Amino acid sequence: MRARTRLTALLVAVATASALTACGQSDDGSAQNVPTVTPATPAESPADAARPAGAVVAADAARAVVAGHGQQSRVALLSNDGRTVQIFTDPGAPGAPAPTSVPVPGLAALTASGDGFVGAGESGIVRIDPAGSVTVTKEDLDGALSVATTEDGRTLVGTDRGHVLVLDRDGQQQRDIGGFVRVDDITVAPATAGDRAGQVVVLDRAQSAVTPVDIDSGELKAALRAGDGATTSIVDRYGRVLVAGTRNNEVYAFYGQPIVMRMRAPVADSPYALAFDNRRNLLWVSSTATNEIAAYDVSTGEVIEKHRFASVPQVTSMDVDPVSGSLLAASGRDGSLQVIAADAVR
């Protein structure tokens, strides 16, 4: 349904954003003597919520849902314990096959890579092809928190010790970039982002800050605060880094080189998981305190609510399937995958 609420974004110039000092090279250790906050966590979802919108598919309780980038609709769910990846084909469609369960060696994070998926965890970099075959490279990545891939085939791994590891296609380490407290999310701007293509930005929950990183030189650019309880981040096709301020009930957008905060807008009830619909230019935000998912038009200086749906409990991760256009939301508590078809979003 279409909500009538209009949220006005707060456009923030560089001078009014809270900047952090950030300068580091590949041999730096973790950040020391920097202001930190207790990392924020999402609110616990209520048990007596409304029936979720769309189709709800039985699945493992998951920490991440990732839509593949191939020609066929293929979706991967990483279980809470990091030991199983379920691969769905055309999830939510009538007659869709049962998912394939792929055992994996303790993954902390998962991302898409071409037709397949790449994960990082205690046993190294794990590559999963469309058929479910698993290949492990770069063994021993204890402390991995996040993973991303670049257009040229490199893999970036963020650790709980505040490092970004840059690995080549064969899993060989090219660089170890320190200077953070922890690396909870890594975004890489896509080729569609024009002169921002390839920009790498780190989200550190302990500093509630975003920091661009030059992965070739190891240099950390100027960092900016994202409230005092940022938790998740994504990047859209324009290269804007969108961040959930879970503790402050806000969302933020950062953009540019150097980055500036371009948007700061209220989103109630513990915003957490984010997804961006590149077809409709909609930012999806889950609010775990009310088991709801809302879509916002962020194409202008205003943040305008367009849709709101009841969600599965405790949404931990969301993505938009580039093939079907469906929104995918994973429950980290009840073990279900919610699929909201593209034709429900007009």
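This is a predicted model: local features need pLDDT of at least 70, side-chain atom pairs count only at pLDDT 80 or more; totals for chains, interfaces and linings use all residues.

Reader: Which residues are closest to its centre?
Author: Gly198, Gln199, Val200, Val213 and Asp214 are the closest to the centre. They belong to a lining of 18 residues.

Reader: And what classes of residue make up the lining of that second largest pocket?
Author: Seven are nonpolar, five are polar and six are charged.

Reader: New topic. How many helices and strands does the protein chain have?
Author: Zero helices and 30 strands. The radius of gyration is 19 Å, close to the 20 Å from the globule rule for 346 residues, so the chain is as compact as a globular protein of that length.

Reader: What does the C-alpha trace span along its principal axes?
Author: About 50 × 45 × 35 Å.

Reader: What share of the residues is buried?
Author: Buried residues make up 55% of the 346.

Reader: Let's pick one residue. Where is Ile125 found?
Author: Ile125 is in strand S10, which covers residues 124-128.

Reader: Is Ile125 buried or exposed?
Author: Buried. Its relative accessibility is 1%, and buried means under 20%, so Ile125 counts as buried.

Reader: Which residues does Ile125 touch?
Author: Leaving out residues up to four places away in sequence, its contacts include Val118, Ala120, Thr135, Val136, Leu141, Val157 and Leu167.

Reader: How far is Ile125 from Asn281?
Author: They are 156 residues apart in sequence. In space, the C-alpha to C-alpha distance is 32 Å.

Conventions:
Residues are numbered from 1 along each chain as its sequence is written. Side-chain values use heavy atoms; hydrogens and water are left out. On a 1 Å grid over the protein atoms alone, a cavity is a set of points where a 1.4 Å probe fits but cannot get out, and a pocket is an open set with protein on both sides within 12 Å along at least five of seven lines; lining residues have an atom within 4 Å of a point. Ala, Val, Leu, Ile, Met, Phe, Trp, Tyr, Cys and Pro count as nonpolar, Asp, Glu, Lys and Arg as charged, and the others, Gly among them, as polar. Helices (H or I, at least four residues) and strands (E, at least two) are DSSP runs, numbered from the N terminus. The radius of gyration is taken over C-alpha atoms; the globule rule is 2.2 Å times the number of residues to the power 0.38. Buried means under 20% relative accessible area, exposed over 50%, partly exposed in between (1.4 Å probe, protein chains only). Contact means heavy atoms within 4.5 Å.
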